[in-house]
Amino acid sequence: MQVARCGDVSRSASVGVSPVVLFLVLNGASACVGDIGAAGDGVEPTTEVTAAVCAERPPSPGKNPMRRLTSFQYANTVRDLLGASIDPGDDFPKTSVSQGFRTFIDANIVSGAGAEDIQRAAELVAQQATSDLGALLGCDADGANGSTCVQAFVATLAARAYRRPVSPDELDLLEAVYTVARAGGYDATEGVAMVLEVVLQSPQFIYRLELAGDAGAAGVTIPVGDYEAASRLSYLLWDTMPDDELLALAAAGALHEPAAIEAQARRMIDDPRARPVLGRFAEDWLQMQRLDASTKDTAVFPQYGAELDAAYREEVGRFVAHAVWELDGRLATLLTTPVAVVNAPLAELYGVEGPATADDWMPVELDASQRAGLLTTAGFLAGHANAVTTSPIARGAFVRNQVLCQVMFPPPGIDLKLPAYDPDVSVRERLAQHRTDPACSGCHQLMDPVGFGFENYDAIGQWRTTEGNDLPVDASGELAQAGEISGPFVGAVELAHALADSEMVRACMALQAFRAAVGREEADPDQCSVVQARDRFVASDADMRELLVALTQTDAFLYRVIPDVQEEP
Amino acid sequence: VIKTSRPDRRRFLLGAGGLVLALPFLEAFRGTARAAPTTPKRFILFYHSQGTILRHAVIPGATETSFSLGEILSPLEPWKDKCIFLHGVDNKISGLNLANGHNSSTRTCLTAVPYSTSIDQNGQLIPTEMQPEVEGHASGPSIDQVLAQRLQQSHPYRSVDLSVAQDNGRLLYFGKDDPVTSEPDPQKAFDRFFAQTPASAEELARSKLRKLSVLDAVLDNFALLRKQVGRDDKERLDAHADKIRSIEVSIQNSKACEAPTIDLPTGFDYHLDEAVSAAVQLDLLTMAMTCELAPVGTFVFGNGHDPAFAGITIDGQPLSAGYDGWHAMVHEGRNLDVGNGSTYDAPGLIRGYKWYCEQFVGLLERLAAVPDGDGTLLDTTSVLWMSEFGNGDGHNNLALHAVLAGNPGFDVGRCLNLGSGEPWQVSAHSTNQLFVSILRGFGFDDTTFGWQADGVSAGPLPGLG
């Protein structure tokens with residue numbers, strides 16, 4: 001049997017974040033030796049990247065590929081551009097998270113059908129926006145100064161839609177759409193609608209991209225431009241286009257200095273528009289999209305249905321907004337507070353008094369011996385479970401991958417057969433083979449015992465003290481190879497408190513937020529950006545609002561590399 | 001007894017089921033009768049996840065001309081002469097990616113190429129231990145899209161892509177990193193492909209012109225912008241612009257097609273009512289092929305992991321009763337001990353796989369009900385039924401099971417076991433060769449398809465071109 005490498009420090013240490021990354025490579029019947037931190041063959045030792053090391057280095061912003069607006073960003077941007085009463089519809093291609101975050105390129109692909117969807121969405125929005133043309137234009141398109149009126153509207157529209165000054169060519173193009181439409185016998189309303197349809201389908205609007213411009217040669221690193229900073233801030237913190245204040249600062253050339261950016265970041269974080277954005281980040285971090293592919297056995301869980309499923313998805317955003325903006329906003333609070341924000345079905349599930357309907361929500365205190373923050377939310381627990389039984393593997397793997405940033409991959413090419421479900425055998429016993437079979441044990445010893453700590457929560461996230469046919473739940477677990485918090489524990493509440501105190505967890509959270517912010521996985525050029533975000537976050541006693549500020553003060557945010565626009569030779 | 005709302009062949013023709021076909025329209029098709037071509041005119045892919053149970057598909061011991069269908073494939077008995085049953089072809093690409101399990105199996109199943117993240121800048125495969133820890137996208141197109149691009153002539157669309165329950169999203173690829181979106185909502189599918197009937201020819205012309213002039217301006221904006229961005233962004237802008245050009249083609253080629261009517265039951269939820277979804281989507285797919293909306297159709301069961309199988313029961317119980325869902329039963333419901341040394345497989349598991357087969361039969365029935373030339377659509381269509389695994393329980397990519405049906409361009413009514421014997425072990429033959437065969441069935445002279453990994457033979461499968 002071939003023994004594969006499991007520990008690989010280079011991948012994580014090279015970005016100076018978590019000290020360890022589990023890295024499974026299994027080929028056929030090979031094994032993972034669970035020795036985290038032990039470098040495999042051929043791994044170069046790397047020096048730790050610290051703030052001091054970074055201070056000596058030139059700014060390194062890393063890659064910044066163009067990013068399509070997410071479906072949330074599209075809807076918000078359309079409303080901010082054309083009016084709050086506009087219904088953006090649901091045609092625009094859905095953002096679909098498979099791994100990572102919804103801001104990733106991979107989650108926002110434009111397929112063939114997607115291009116048609118963008119077209120249909122644009123037509124619907126244009127139709128609504130031009131339903132009262134006078135109100136939209138603020139002047140009379142058919143009056144004596146009709147062409148001036150429309151030209152002024154188009155110029156303003158384009159600058160706001162493209163979120164930067166518009167080039168003469170870009171403006172000519174849009175004006176020609178209107179002129180040709182009128183010459184072809186369309187009325188002013190139809191002509192403006194066609195301009196809007198062009199704008200809403202154009203890459204300047206659909207994508208966030210930063211052009212070469214004339215600020216220097218290809219490959220040169222320069223400070224971020226004012227308009228670029230405005231969009232970076234608004235999409236990071238509000239998931240929408242820059243507001244008037246950002247655009248005015250950009251026009252005045254007063255938005256590229258770190259201090260100006262930080263001041264704006266603080267203003268924006270205090271604005272209610274920031275709240276859902278951090279909630280969406282938390283949903284992706286908790287892998288809530290797993291609920292899409294999950295079904296529960298309603299014979300076993302009669303209370304499970306569409307209403308509870310919808311509540312799972314809404315709870316996280318509401319909880320995060322509450323914990324960050326109404327409580328103290330610290331990561332430790334997110335991970336430990338025995339508070340939930342519930343509607344009627346969730347109140348029933350948690351066994352507390354709550355609102356009378358599914359549409360009303362309120363924060364409630366939970367039993368602190370049973371619940372602690374995000375990792376004991378019903379939706380997270382249900383998403384990391386099967387139709388009938390819990391999934392200690394999924395829950396344990398979540399803690400490794402998402403909370404500790406220790407990457408674990410599912411094993412390839414091996415028979416994943418488990419002993420059949422039997423209500424007289426505990427999940428723990430069923431999984432015993434994982435931990436004894438050498439082909440599995442290396443990594444499963446790192447996951448399963450963590451997941452066992454969550455055994456007090458059934459497959460829909462309810463507290464339980466027995467499983468199957470009245471077998472007593474054993475929620476004792478062990479967290480191995482997790483730095484200073486390694487060791488045995490009993491129950492998810494104890495685990496959550498341990499995680500909340502961990503440096504490794506804070507570093508991991510900063511890294512996850514960095515990934516969501518830049519819309520991609522980190523790479524070598526991001527080492528210092530990640531260190532900058534982490535150090536500031538840790539220094540703030542892990543305040544989530546300060547983490548958002550910190551993200552705007554990294555090399556990745558404050559600088560950019562001028563792209564090479566040459567055609568492929 | 002299984003109950004689906006799938007209209008049978010008679011109802012389909014008479015319009016009493018979910019789909020109403022106007023008879024004069026069919027007459028019009030009869031009017032254009034011509035000799036059945038020797039090469040197929042179109043391609044349809046039928047896909048579901050989780051493989052099968054090989055010993056209940058084709059009874060072991062089969063030869064090319066003498067074979068018996070097992071319980072799972074028993075609904076195909078009347079269609080045996082229209083099929084080629086294919087066993088023992090391996091997906092040899094899946095294992096080239098670091099992450100395997102479900103993800104790599106799916107993304108390589110119809111593309112036969114590694115992830116783009118598994119290939120370096122020089123086009124060389126990166127050893128798995130050096131690959132990035134991401135679930136990448138396929139680095140090239142799937143067989144259906146290759147055919148779609150080659151076969152599109154005056155069709156408005158390259159392909160009509162429909163799914164059941166949800167979009168798989170990681171199975172069909174138009175190109176590198178460019179997954180195809182398939183529509184799981186029958187109402188939306190109907191709206192997209194059929195609900196565009198302008199009142200007059202003049203209005204149609206005007207509406208076309210308006211859409212085209214808007215899209216022309218959008219394309220001009222792509223051209224303006226691409227001069228100012230780096231290479232990777234250029235590539236992505238170009239790919240997007242290409243799709244807008246496809247919309248232009250679909251507008252130019254759009255035609256008034258007798259629209260079917262769809263009649264969805266009250267409270268219908270396409271995520272859960274898989275039987276209704278499958279029936280209506282198959283109706284729409286058949287209609288799209290009848291109307292020549294595209295040369296390629298794809299039909300994919302999108303929730304491969306835990307399909308609801310709503311209303312489908314065995315002995316009055318849900319299929320996976322006693323198991324922790326469908327996926328758990330796929331793993332655990334095999335080789336159960338009878339007690340005397342022999343084993344059996346869970347009846348619910350066999351029933352689930354058989355249900356997929358019934359849907360496949362539903363497709364064949366629908367195609368055979370529409371006249372085309374001297375025969376029917378089935379006589380002019382190359383149909384491929386595929387899944388990512390052979391035996392589902394092992395979740396590996398060896399010894400896949402596939403069915404070619406209709407007119408794949410080769411003699412039908414055969415069973416080809418290309419594995420190294422029974423019970424269906426590692427094969428000398430690959431899915432790359434299967435896709436070469438399919439292309440050759442259309443008269444193309446390809447000798448390779450996808451990634452040429454070590455141990456992947458060039459050329460078609462023996463007995464298939």
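Trainee: How many aromatic pairs does a search of the whole structure find?

Mentor: It finds 26 aromatic pairs over all chains. Keep in mind that this is a predicted model.

Trainee: Which residues form one aromatic cluster?

Mentor: Look at chain B: Phe46(B), Phe299(B), Phe301(B), Phe309(B), Trp326(B), Tyr353(B), Trp355(B), Tyr356(B), Phe360(B) and Trp385(B) make up one cluster.

Trainee: Nice. What sits over the ring of Phe452(A)?

Mentor: That is the charged end of Arg428(A), 4.4 Å from the ring's centre. In chain B, the charged end of Arg150(B) sits over the ring of Phe444(B), at 4.8 Å from its centre.

Trainee: Switching to the interface, how many residues of chain A are in contact with chain B?

Mentor: Chain A puts 80 residues in contact with 63 residues of chain B. The area buried between the two chains is about 6,000 Å², and carbon and sulfur atoms give 51% of that.

Trainee: And what is the count of salt bridges between chain A and chain B?

Mentor: There are 10 salt bridges between them. One of the salt bridges pairs Asp106(A) with Arg170(B), whose closest N and O atoms are 3.6 Å apart. The interface also has 24 residue pairs in polar contact.

Trainee: Which elements give two or more residues to chain A's side?

Mentor: Those are α4 (112-129), α7 (168-183), α8 (188-201) and α9 (203-206) of chain A. The largest share, 9 residues, comes from α4(A).

Trainee: How do the residues on that side of chain A divide?

Mentor: They split into 40 nonpolar, 18 polar and 22 charged.

Conventions. Residues are numbered from 1 along each chain as its sequence is written. Chains are lettered from A and ligands numbered from 1 in the order in which they are written. This is a predicted model: local features need pLDDT of at least 70, side-chain atom pairs count only at pLDDT 80 or more; totals for chains, interfaces and linings use all residues. Side-chain values use heavy atoms; hydrogens and water are left out. Rings of Phe, Tyr and Trp (its six-membered ring) pair if their centres lie within 6.5 Å; planes under 30 degrees apart count as stacked, over 60 as edge-to-face and the rest as tilted. A charge sits over a ring if NZ of Lys or CZ of Arg is within 6 Å of the ring centre and within 35 degrees of the ring normal. Contact means heavy atoms within 4.5 Å. Buried area is the accessible area (1.4 Å probe) that two parts lose on being put together, summed over both. A salt bridge is a side-chain nitrogen of Lys or Arg within 4 Å of a carboxyl oxygen of Asp or Glu. A polar contact is a pair of N or O atoms within 3.5 Å; within protein, one must be able to donate a hydrogen and the other to accept it, and residues adjacent in sequence count only if both atoms are side-chain atoms. Helices (H or I, at least four residues) and strands (E, at least two) are DSSP runs, numbered from the N terminus. Ala, Val, Leu, Ile, Met, Phe, Trp, Tyr, Cys and Pro count as nonpolar, Asp, Glu, Lys and Arg as charged, and the others, Gly among them, as polar.
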